[in-house]
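Morning, everyone. Let me put the model up on the screen, and then we'll walk through a few spots in it.

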Amino acid sequence: MPLVEIRDVTKTFSRDAERIDVFNGLSMEIEQGSFTALMGPSGSGKSTLLNLIAGLDRPTSGTVTVGGAVVSGMSPAELATWRARNVGFVFQQFNLLPVLTAYQNVELPLLLTRLSKKERDERIRIALGVVGLDDRLRHYPRQLSGGQEQRVAIARAIVADPTLVLLDEPTGQLDAKSSQEVLSLLSRLNAEFGKTIIIVTHDPHAAARARRQLHLEKGTFVEQAMAAGAPA
Amino acid sequence: MKFWTLLRANLGRHRRRTFLTIASVALALFLFASLRTVVTTLGAASRFGSARRLVATNATGIVFPLPIAYANRLAAIPGVERVSWANWFGGQYGDGKRFFANFAVDARSYLDIYPEMQVPADQKAAFLADRSGALIGNRLLDVFGWRVGQNVTLRGTIFPGDWTFTIRGVYTPADKAINDDAMMFHFAYLDEKTGRQGLAGWYIMEIDSAEHAPAIAKTVDDMFRNSTAPTKTGTEQAFNASFATMWGNVSLLMNTIGMAVVFAILLVTANAMMMSARERTRELAVLKTIGFTDRRLFGLVMAEAGIITVTGAVLGLGAAKLLYRATNFNAGGFLPGFDVTPATFLLGGAVALALMLASGIVPAARAARLPVVAALRNVE
Ligand SMILES: Nc1ncnc2c1ncn2[C@@H]1O[C@H](COP(=O)(O)OP(=O)(O)OP(=O)(O)O)[C@@H](O)[C@H]1O
Ligand SMILES: [Mg+2]
């Protein structure tokens, strides 16, 4: 059974008098445990699709289902709670809170759970350990390199143990070496921890790490399965 | 509270701004409490005074004397139980910078008529027995460092010359609205030194019942209507209130200034809150993607406003209370019993609450309503 199901989704933005139809009856599925790269020219709707899956935005019509839950039908409060448990989100711009340390940034999603301080502490250390930053707990974002910041953001995205991790151009502002580190980390999260990963990227090297590539063009898919084979 | 770290980090983001905002709230509430206390103190002073005490002054004006011969005629009026009299002296001590009330009284009857002035029995006896003795309010002990038994010399203004008194007793007011920094001495001493005879500044009468006050006052004024010194008689309350009505406009002014100050600070606080929320638009959007609900973000922004205003209020109101207590402030005798009342505290608390709501509601609602996607796009 697919983890993410998109059915006949349309999405229209109206800016001033202008209407922009991003999707016009889009359907797709994403398997549990897969690692998908979403590619396509600027303005093709990649970020919009990611936002719809994460419940950050609503489709104009059609349904978005994640793990059996109809995301497109939830109230804002339900969505927030659902998102806290099920989705980790990482942006191009690192989006750490500058006033919080790496540790405190990673703690944010756990503040929304019932975990005790001790349990939170364990989880934070594990998450920061996975991204290889357990020696940077007390550092503030400005004291970290871009690659390190992005790894903290990934730690924050996985600390609450969501099934789905969504990344919007996570390597867009990183140098080649940092990009490689982040991509290897994602492969590990997928292979070792079974996270379902969807990554938006312009970078073919980054896309090559994924096991499936989806090309979005003017709101429709041009699918290309990797030589490595079908998703697990 | 597990969100405390987040709150503290946000408040610490612009330390100076947070500090200044708290300081301005504190200042606003300090001023509010001070102005309010002027009003309540004046109010208490004008309400002070027994309705069973009448005061008769010269109808021409309070500075003109009345014949001492009136005393017996007043005492003879049905319903009048006691009569006493006093005369303003207006002496200065030292450099004269510290004003305090001092007047001559017919001591025995005066103390009988004012049981609110509490004097230890031995001191009372010593004062009554010493013709040049003086009775002082307890505050003067601190103000001038005086002691019982000490000789003090006042410089007369209305009655020129150096006047030396021996402090024989200290009174403590049982009612906060009575001056605790006045000095009284014997009428006989005034008469003896000035060679003046037969005059009193004002009369005080204790009457049998407050209900008879208007009738007795009328009887008194009628009695002296056609004499050379007609009287004007009213209750002590009215007498005090006539001073306080002078202050009535002051109260209005104080209240107006108080509200204006609070409003000005409200703008400052609201502006600071709005600035800090706006700067964080993207961070608020990020928190939403993490799963913070609209309501939680509303609460967090509101809590920030609350911490600022409550801290400011506690500091401002607390400082007012402690400062006026510690310095025993009474505006040089004009505002006896100056003390921040519990009612003023409550009112100050309400003002702080209103400040919190007014300054927090706009940024908090804005944070709650913030559309995530648009907010994230705008920065890119
Ligand atoms: N909130 C919005 N209001 C108006 N138009 C929008 C909004 N969000 C997206 N769009 C429009 O929808 C289209 C798809 O935008 P989207 O951000 O999904 O593209 P993208 O594929 O992520 O592009 P990029 O590679 O540049 O990030 C664009 O034409 C964009 O201008
Ligand atoms: Mg995009």
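Quick housekeeping. This is a predicted model, where local features need pLDDT of at least 70 and side-chain atom pairs count only at pLDDT 80 or more, while totals for chains, interfaces and linings use all residues. Residues are numbered from 1 along each chain as its sequence is written, chains are lettered from A and ligands numbered from 1 in the order in which they are written, and side-chain values use heavy atoms, with hydrogens and water left out.

Back to D16(A). This residue sits in the loop between β1 (2-15) and β2 (18-31) of chain A; helices (H or I, at least four residues) and strands (E, at least two) are DSSP runs, numbered from the N terminus. D16(A) isn't a glycine, yet its phi is positive, about 55 degrees.

K218(A) also has a positive phi without being glycine, near 50 degrees. You'll find K218(A) in the loop between β9 (212-217) and β10 (220-225) of chain A, and it counts as exposed at 80% relative accessibility.

Now chain B. Its secondary structure is 13 helices and twelve strands. The radius of gyration is 30 Å, well over the 21 Å from the globule rule for 380 residues, so chain B is more spread out than a compact globule. That radius is taken over C-alpha atoms, and the rule is 2.2 Å times the number of residues to the power 0.38. The C-alpha atoms fill a box of roughly 95 × 45 × 35 Å along the principal axes. Of the 380 residues, 50% count as buried.

Last, a helix pair in chain B. Helix α1 (residues 4-11) and helix α11 (residues 294-327) have axes that come within 10 Å and cross at roughly 65 degrees. Axes are lines fitted to C-alpha atoms, for helices over the stretch in contact, and angles run from 0 to 180 degrees between N-to-C directions. Who touches whom? On the α1(B) side, W4(B), L6(B), L7(B), N10(B) and L11(B) meet L300(B), A303(B), E304(B), I307(B) and I308(B) in α11(B), contact meaning heavy atoms within 4.5 Å.

Methods: Buried < 20%, exposed > 50% of the residue type's maximum accessible area, 1.4 Å probe, protein only.
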